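I opened this notebook to record what I looked up, entry by entry.

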Amino acid sequence: MITARMTAGRRIAASLAVAALAFGVTSCGAINEQATNTDYAASDGVHVDVADAKVRNLLLVTNSDGSEARLIGSVVNDSKSALTLSVEAASTKPVTISVPAEQSVKLEDDANKKVISDLHIMAGEHAETSFTVAGETVDFSVPVVDGTLAEYRDFVPGGSDESVTEHLKATETHSTSGH
């Protein structure tokens with residue numbers, strides 16, 4: 001015969017089991033870091049903040065011999081005064097980017113074109129780069145790409161070299177086995 005005391009005990013045990021299971025299922029975030037809490041650049045370029053400048057999606061597009069590279073990306077200035085960002089990649093002569101107060105500069109626009117000479121870093125590598133605004137400097141590794149991908153071909157200094165895309169063209173093969 002089941003008594004009320006045994007039923008109450010079973011209810012308590014079942015409640016504790018359900019609570020333990022719920023805690024075990026929902027507490028994963030307490031132990032493991034969640035990927036959605038990690039900031040990252042969701043593109044090929046990098047994000048760098050220095051003083052009042054916010055550099056977004058910045059990368060270097062180089063020519064086939066790696067001697068020159070064009071900066072692409074954006075520089076945002078949320079402050080009430082104009083700023084000048086100096087970018088020095090791999091100990092080259094720095095280029096400067098002026099950004100008016102509360103505006104942004106898109107480096108893909110021809111009016112804002114910035115080319116770094118004597119870089120000598122090949123596509124696929126990274127250029128150790130210093131970003132300076134108002135005496136504050138941040139060092140960051142910037143990816144270097146070439147015209148292999150169509151979205152970067154228009155930005156290759158001196159024009160894109162078709163030899164970098166030669167391996168992407170479909171070729172017809174003929175089988176000698178008769179299949």
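Is Asp110 buried or exposed? I looked it up in this predicted model and found Asp110 exposed, with a relative accessible area of 64%.

Entry on the partner of Asp110. I found that the side chain of Asp110 forms a salt bridge with that of Arg70, at 3.9 Å from N to O. Arg70 belongs to strand β3 (residues 68-77), while Asp110 sits in the loop between β6 (103-106) and β7 (115-117), so the pair ties together parts 40 residues apart in sequence. I noted that Arg70 has a relative accessible area of 3%; Arg70 is therefore buried, as that term means under 20%.

Entry on the other salt bridges. My search of the whole structure gave three salt bridges. One of them joins the side chains of Lys80 and Glu102, at 2.7 Å from N to O. I placed Lys80 in the loop between β3 and β4 (83-89) and Glu102 in the loop between β5 (95-99) and β6, 22 residues apart. Lys80 is exposed at 71% relative accessibility, whereas Glu102 is partly exposed at 47%. I also recorded a salt bridge between the side chains of Asp49 and Arg56, at 2.9 Å from N to O. Asp49 is partly exposed at 44% relative accessibility, and Arg56 is partly exposed at 25%.

Entry on the whole chain. I listed three helices and nine strands, in the order α-α-β-β-β-β-β-β-β-β-β-α from the N terminus. Of the 179 residues, 30% are buried. The chain exposes about 11,500 Å², of which carbon and sulfur atoms supply 53%.

Methods. Residues numbered from 1 in each chain as written. Predicted model: local features only at pLDDT ≥ 70, side-chain atom pairs only at ≥ 80, totals over all residues. Heavy atoms only, no water. Helix = DSSP H or I, 4+ residues; strand = E, 2+ residues; numbered from the N terminus. Buried < 20%, exposed > 50% of the residue type's maximum accessible area, 1.4 Å probe, protein only. Areas by Shrake-Rupley, 256 points an atom, 1.4 Å probe, with all protein chains shown as cover. Salt bridge = Lys/Arg side-chain N within 4 Å of Asp/Glu carboxyl O.
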